[in-house]
Amino acid sequence: MWWRVLLVTAAISLLPVFAGIYAESAPNEVSASDAGPLRKTFYVEISISRNRLTLFEKKANGDKVEVVDYPVGTVVRGLKTYPLGLGKVTGIYFNPWWHPTPYSRQVFRERGIILPDAVPPGDPLNYMGPFKIALSHRTWKGAIYRIHGNNDPKRVGRRVTGGCFVMNNDQGLSLAHTIRVGTEVNIVP
């Protein structure tokens, strides 16, 4: 019986040691010295009139420093409803399926192209390309807007979309790997 008392006493005396080890490795307590550089915070601005997407790094003091500026395809001239203002990234996906809306399928049907309900990744008819970045922006039409790749590089840098923003695939993949869900996105005219 005396060995049980000894074992309990030893365990109790070691609790502060184990508590210290646990506290240092707790996932919510990361310091720059033990975890490497802390993750940067970014901000995206998309200018429809300039057909440009600019990525900024947000500094701790609130300043925004331009990191890179990309050409993007934006909303076609004359379309009255498209996203504007501040929103955020709600999802980042790689090799996405494209689920064309009934309206999209109708437009393609008028061009002689029959689209399925879902177009797989890599298919020449998949207008998402190799990535899509979902946005929180909505209009009265209830449309879902994205920044995504494309299968026609001639669309980049022009007013050609129904409200989404299309990028060169390699540049868009770089952006998708840099930002994260929750990144602010401001769309300006």
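**Exercise 1. In what order do the elements of the protein chain run from the N terminus on?**

The model is predicted, with local features needing pLDDT of at least 70 and side-chain atom pairs counting only at pLDDT 80 or more, while totals for chains, interfaces and linings use all residues. Residues are numbered from 1 along each chain as its sequence is written, and side-chain values use heavy atoms, leaving out hydrogens and water.

Step 1. Helices (H or I, at least four residues) and strands (E, at least two) are DSSP runs, numbered from the N terminus.

Step 2. Read from the N terminus, the elements run α-α-β-β-β-β-β-α-β-β-β-β-α-β.

Step 3. The chain holds four helices and ten strands.

**Exercise 2. Find the order of the strands in the open sheet, and state which strands stand at the edges.**

Step 1. Two strands pair if DSSP finds at least two bridges between them.

Step 2. Eight strands form the open sheet, in the order β3-β2-β1-β10-β5-β6-β7-β9, with mixed pairing.

Step 3. The edges are β3 and β9 (165-166); each has a single partner strand, so one side of each is left without a neighbour in the sheet.

**Exercise 3. Describe how β10 pairs with β1 and with β5.**

Step 1. Strand β1 (residues 41-47) runs parallel to β10, joined by five bridges. Here Val 44 has Val 185 of β10 as its bridge partner.

Step 2. Strand β5 (residues 85-94) runs antiparallel to β10, joined by four bridges. Leu 86 stands opposite Asn 186 in β10.

**Exercise 4. Is Thr 183 buried or exposed, and what surrounds Thr 183?**

Step 1. Thr 183 lies in the loop between α4 (169-178) and β10 (184-188).

Step 2. Buried means under 20% relative accessible area, exposed over 50%, and partly exposed in between (1.4 Å probe, protein chains only). Thr 183 counts as buried because its relative accessibility is 6%.

Step 3. A polar atom of the Thr 183 side chain lies 2.7 Å from the backbone oxygen of Arg 180.

Step 4. Leaving aside neighbours within four places in sequence, Thr 183 is in contact with Phe 42, Tyr 43, Val 44, Gly 87, Lys 88 and Val 89.

**Exercise 5. Give the share of buried residues and the share of contacts that join residues at least 24 apart.**

Step 1. Of the 189 residues in the protein chain, 34% are buried.

Step 2. Taking contacts between residues at least 6 apart in sequence, 60% join residues at least 24 apart.

Technical notes: Polar contact = N/O pair within 3.5 Å; in protein donor to acceptor, adjacent residues only side chain to side chain. Contact = heavy atoms within 4.5 Å.
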